Amino acid sequence: MIRVVLPAHLRTLAQIGGEVQLEVMGQVTQRSILDALEARYPMLQGTIRDHVTQERRAFVRFFACQEDLSHESPDAPLPDAVASGAEPFLVVGAIAGG
Amino acid sequence: MSKVRVLVGTHRGAFIMESDGKREQWDISGPHFAGWEIYHLKGSPADPNRLYASQTSGWFGQVIQRSSDGGKTWEPVDNKFVYDGVPGTHQWYDGKPHPWEFKRVWHLEPSLTDPDTVYAGVEDAALFRTTDGGKSWQELPGLRGHGSGSRWQPGAGGMGLHTILLDPTDPQRMYIAISAAGAFRTDDGGTTWKPITKGLHSAILPEPTAEVGHCVHRIAMHKSRPNVLFMQKHWDVMRTDDAGDQWREVSGNLPTDFGFVIDVHAHEPETIYVVPIKSDSEHFPIDGKLRVYRSKTGGNEWEPLTKGLPQGDCYVNVLRDAMAIDSLDSCGVYFGTTGGQVYASADSGDTWAPIAEHLPSVLSVEVQTLA
């Protein structure tokens, strides 16, 4: 089971209380996680990645296992600890402002 | 007994304020969608409990919310705004071509007759429509397809389509305005559009009477006279009596004719309201005095309305979508400020009182008159 942690605004939008647990078929990548996430919570479509290009929104970051994976390929395999559910996949609103 | 519901969009959420017809005591709910920018929310004239809200964020993009119970509960609906076909380019600030990119919905205008039909004015400027209550949105591409689209350029606040006026006597006719492309009219339900800028003069343009490029801030109409429009341009208050074919200036004795809002009295089509702002480089009232100006003659002759408004050390702005008019017998006028105040007048502007004073910066104000 994949564990996903969303920022507060997206948890509110999707009416999610805490971590999300997802079944992901096949290889565990950013894309496969987000596909599964958006399938369960359609209101999140367009809020993490662009509707058309499917690119990550500029001020959204993806962290896991103390690493910033935001600039990795969306189809790159994620660390085993994420795939096994030992570590969560974090969707983070980037720091902005002063 | 009649009551009113005021819908306020702010930089950090939406607020809903309700009162009976006296408009003295207010129940305020909110913030709804706390922390998000609520550019606009508006109710359907055909079903007052059907509300739509534009919820946006620099981080998470656009969300559209819909309520079927007057704002007590909300549900997100479709937020996919995709330009029709190959989007092409408009001018960027440096004069170079820039691809059309959707950023946010500035204004939602529900149909006068169908609660499931809503028009959305967006940045980068385009007009979208839903006919299924927000489950899907389609662009009306004829507007951007007007031959001038590649010459449109954003103003400092972005290239937003912020005004949508529906003609109550002719469902094929509507008016829209864009900062800073100008104003347009369709007479065929949105298939084709024509600029309605003849008579406008903008010294900030290299060609002051150009067909497009005028920074129109707001247009208002009285439902009984849809051919008469009033415009607050960047500078100048304007009027047309022929559906925009020809405009004339009616700034008259205003202390400054820069401003954002303009609106029309519910029962007196020649009574109009503006909030003069000192200048485009100082977005606050002259002398720190917050004054609404009213003309009972359709422009030119204006009187300041000050009773109940701060007349010293007030340096707020009133943004383009932040004034509204109710239709009770004693006409109510409402506006919100960038300082987080929402003021109401239950006597056509003669006296004012705050409904709320410490909200986040106000982006939009709408009012519904409920039976």
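## A tour from a cavity to a helix

The residues lining the largest cavity divide into 5 nonpolar, 1 polar and 2 charged. Keep in mind as you look around that this is a predicted model.

**Stop 1: the cavity.** To see that lining, select P255(B), T256(B), P276(B), P285(B), I286(B), K289(B), R291(B) and Y293(B). The space they line has a volume of about 40 Å³. The count of cavities of 30 Å³ or more comes to 1.

**Stop 2: a sheet in chain B.** Next, colour the strands β18, β19, β20 and β21 of chain B, which form an open sheet in that order, with antiparallel pairing. Which strands stand at the edges? They are β18 (216-221) and β21 (247-249) of chain B; each has a single partner strand, so one side of each is left without a neighbour in the sheet.

Now zoom in on β20 (residues 237-240) of chain B, which pairs with β21(B) in the antiparallel sense over 3 bridges. For one bridge, select T240(B) and its partner in β21(B), W247(B). In general, strands of a sheet pair through backbone hydrogen bonds.

**Stop 3: a helix in chain A.** Finally, move to helix α2 (residues 30-40) of chain A and select its buried residues: Q30(A), S32(A), I33(A), L34(A), A36(A), L37(A) and E38(A). What covers the buried residues of α2(A)? Show β1 (2-5), β2 (20-22), β3 (60-64), α3 (80-83) and β5 (89-93) of chain A, which are among the elements covering them.

Key
Residues are numbered from 1 along each chain as its sequence is written. Chains are lettered from A and ligands numbered from 1 in the order in which they are written. This is a predicted model: local features need pLDDT of at least 70, side-chain atom pairs count only at pLDDT 80 or more; totals for chains, interfaces and linings use all residues. Side-chain values use heavy atoms; hydrogens and water are left out. Two strands pair if DSSP finds at least two bridges between them. Helices (H or I, at least four residues) and strands (E, at least two) are DSSP runs, numbered from the N terminus. On a 1 Å grid over the protein atoms alone, a cavity is a set of points where a 1.4 Å probe fits but cannot get out, and a pocket is an open set with protein on both sides within 12 Å along at least five of seven lines; lining residues have an atom within 4 Å of a point. Grid points are joined across faces, edges and corners, and a volume is the space filled by probe spheres set on the points. Ala, Val, Leu, Ile, Met, Phe, Trp, Tyr, Cys and Pro count as nonpolar, Asp, Glu, Lys and Arg as charged, and the others, Gly among them, as polar. Buried means under 20% relative accessible area, exposed over 50%, partly exposed in between (1.4 Å probe, protein chains only). Contact means heavy atoms within 4.5 Å.
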